[in-house]
Amino acid sequence: PDHGREIPMIVMIAAALAAFSRPSDTTAQAAVCQALVAQADKRFAEAAAAFETAAGRTKPGDPASDRMLAAAGNMWIAAGDFAKAALALDRA
C-alpha cells in the first residue's frame, strides 16, 4: 500500500472533525468561561475584559449583561484599575 497518501487523508479527516466539534468562541457563555478561567488563574485584568466582552454579546436589555459588567468591575478592582472598575460598574 502507498502509505504516503494515507497520512494526508488522516490529517484532513482529523482537521474536519476538529472544525465541526470545536465550540464557538463568539458566544457570551464562551467569554464567561474565559473570564472564569482567567479569574481562577488570578489574571484579573484579562478576566475583566472577558466579562465585558460577554456583556457585549448579550441581547439589549438582558439582565445578565448587568451581572457580567458588575463582575468585570470587581475584576478591575482586583487588578487595581479603579478607573476601569468605575466605568464597568456605572454601565451595570
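The dialogue below walks through a predicted model of one protein chain.

Q: Which elements make up the protein chain, and how many are there?
A: The protein chain has five helices and zero strands. Read from the N terminus, the order is α-α-α-α-α.

Q: What share of the residues in the protein chain is buried?
A: Buried residues account for 25% of the 92 residues. As for the surface, the protein chain exposes about 6300 Å², and carbon and sulfur atoms supply 64% of that area.

Q: Is S65 buried or exposed?
A: The cut-off for buried is under 20% relative accessible area. S65 has 14% relative accessibility, so S65 counts as buried. S65 lies in helix α4, which spans residues 63-79. Leaving aside residues up to four places away in sequence, S65 touches A55 and T58.

Q: Which residues make up the largest nonpolar core?
A: In soluble globular proteins, nonpolar side chains tend to be buried together. Here the largest nonpolar core has 12 residues, among them A35, A47, F51, A72, M75, W76 and A88. Helices α2 (28-40), α3 (44-56), α4 and α5 (82-91) each supply at least two residues of this core. A second, separate core has seven residues, including A28, A31, A54 and A64.

Q: What does M75 touch, not counting residues up to four places away in sequence?
A: M75 touches Q39, F44, A47, A48 and F51.

Q: Among contacts between residues at least 6 apart in sequence, how many join residues at least 24 apart?
A: In the protein chain, 39% of those contacts do.

Technical notes
Residues are numbered from 1 along each chain as its sequence is written. This is a predicted model: local features need pLDDT of at least 70, side-chain atom pairs count only at pLDDT 80 or more; totals for chains, interfaces and linings use all residues. Side-chain values use heavy atoms; hydrogens and water are left out. Helices (H or I, at least four residues) and strands (E, at least two) are DSSP runs, numbered from the N terminus. Buried means under 20% relative accessible area, exposed over 50%, partly exposed in between (1.4 Å probe, protein chains only). Contact means heavy atoms within 4.5 Å. Accessible areas come from the Shrake-Rupley method with a 1.4 Å probe; for residues, only the protein chains shown count as cover. A nonpolar core is a set of buried Ala, Val, Leu, Ile, Met, Phe, Trp, Tyr and Cys residues joined through side-chain atoms within 4.5 Å.
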